[in-house]
Amino acid sequence: MLYPFPSWSQFTRVFRNKYDTFWWFGEKYYRAHGNKWPLEDQEPPEGYVYPNGGDIKTVLMLAVALYIIRFVFEKVVAEPIGKWFGLKHYTITTPAGPNKKLEDLIRRSKRPSKDQIEEAAKLADMEVREVEVWIRRKLREITPSKLTKFKETTWRFLFYSSNCAYGIYIMWPQDYLWNTMLCWVGFPTLTWAVRDNLYYYYMISGAYYVSLLVSQFHDTKRKDFWEMFLHHIVTLALIGGSWFGGNYRIGSIILVIHDVSDVFLEGAKMGIYLNFTMVSNIMFAGFTISWVLLRLMFLPYKVVTSSIFESTSVIGLWPANPLYCSFLITLQILHIYWFTFILKLLIKIATTGDDVEEDTRSEDEEIPSSSEEDKKGK
């Protein structure tokens, strides 16, 4: 039975009371139970937990812990490994020095044109050659070295690979992974109790995305900085909404299918930084295939359609569902947007015959060595 779509007044009634079960779980549940939260005042069965407000504090504490673990890992493990393979930080022989007019030029473009350089030289009352040398020195100061990027990538590869393996381990036996209609059967009473292993998976995944939300501001900058920021916000909204809304089944599917592609992506980057061409090519192939199969096919055709149509056929309409679905659609749009970068790289490889190069989203450019810089400055 399909219930009439909630009215605007029903949409806006959320949280007028302590909580509003109609908004979260729909009219069918509200008529049967009123504003009594699922399994309220009951203890969960052994091996299960019930979502509660204290989980937010758990996620934040785990995020701080992951942040500290990352710092220690990069310093104690990743950096020595990178140096052992010959990676190093840039050596600043001669600082560029402050120059507000030229700094404005660098902010506008990391690769200014000849005309822009000549115009900047006039404004700064400098020779064109002096401006070119200043730009090279400044880029050396502000551009992360390969060692820095290798450390960041190694940490992400470690997390995604371990989290993905754990997610597949606990999700593989679940019937709802293969039949998404089962994600909604018994909602929310029968979907409220969560197994301990899935609880840990959710808490750790949520904590990691919280840490990314912070670390993004000091990690290597990308052209898609704000798109990635939006991605983290949407992901956290889906994690939180599905956890507290009794939709953890569909939420856990979203988490596990995303981790797979990220493992291949970070593995490809590590291969690039270490000049392991075969590794980077294989990893990039795995990344492309998993992206297409899981993010461009499985996610929209199984997860999004299940959230919109299968959930409605089982539960009826409820005000929170359009919000969930809008986040899912936003996520899907971002996936299509990022796939354009993958296509550009694939076209470049096909037309030039080159191997996989650095992430096309990177704002970084190749910085000349100190000796090269000195030669050009003479």
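The side chains of Glu-74 and Arg-70 form a salt bridge, with N and O 2.7 Å apart. A salt bridge here is a side-chain nitrogen of Lys or Arg within 4 Å of a carboxyl oxygen of Asp or Glu. The model is predicted, so local features need pLDDT of at least 70 and side-chain atom pairs count only at pLDDT 80 or more, while totals for chains, interfaces and linings use all residues. Residues are numbered from 1 along each chain as its sequence is written, and side-chain values use heavy atoms, with hydrogens and water left out.

Glu-74 and Arg-70 both lie in helix α4, four residues apart, about one turn of the helix. Helices are DSSP runs of H or I with at least four residues, numbered from the N terminus. An α-helix has 3.6 residues a turn, so residues three or four places apart point the same way. Both Glu-74 and Arg-70 are buried, that is, under 20% relative accessible area; exposed is over 50% and partly exposed lies in between (1.4 Å probe, protein chains only). Arg-70, Glu-74 and Asp-219 are linked in a network of salt bridges.

The count of salt bridges comes to seven. One of them joins the side chains of Glu-266 and Arg-156, at 3.3 Å from N to O. Glu-266 lies in helix α12 and Arg-156 in helix α8 (residues 146–171), so the pair ties together parts 110 residues apart in sequence. Glu-266 is buried at 4% relative accessibility. Arg-156 is buried too, at 10%.

Asp-262 forms a salt bridge with Arg-295, and the closest N and O atoms are 3.2 Å apart. This pair links distant parts of the chain: Asp-262 is in helix α12 and Arg-295 in helix α13, 33 residues apart. Asp-262 is buried at 10% relative accessibility, and Arg-295 is buried at 3%.

The surface carries a nonpolar patch with about 1,100 Å² of accessible area together. Its members include Val-64, Trp-84, Phe-276 and Val-279. Patch residues have over 30% relative accessible area and no salt bridge; nonpolar side chains (Val, Leu, Ile, Met, Phe, Trp, Tyr) are joined within 5 Å, like charges within 9 Å. Areas come from the Shrake-Rupley method with a 1.4 Å probe, and for residues only the protein chains shown count as cover. Helix α4 (residues 54–84) gives the most to the patch, with eight residues. Phe-276 sits in the loop between α12 (248–273) and α13 (277–315). Phe-276 is partly exposed, at 34% relative accessible area.

Helix α10 is mostly covered, with 15 of its 20 residues buried.

Terms used. Helices (H or I, at least four residues) and strands (E, at least two) are DSSP runs, numbered from the N terminus.
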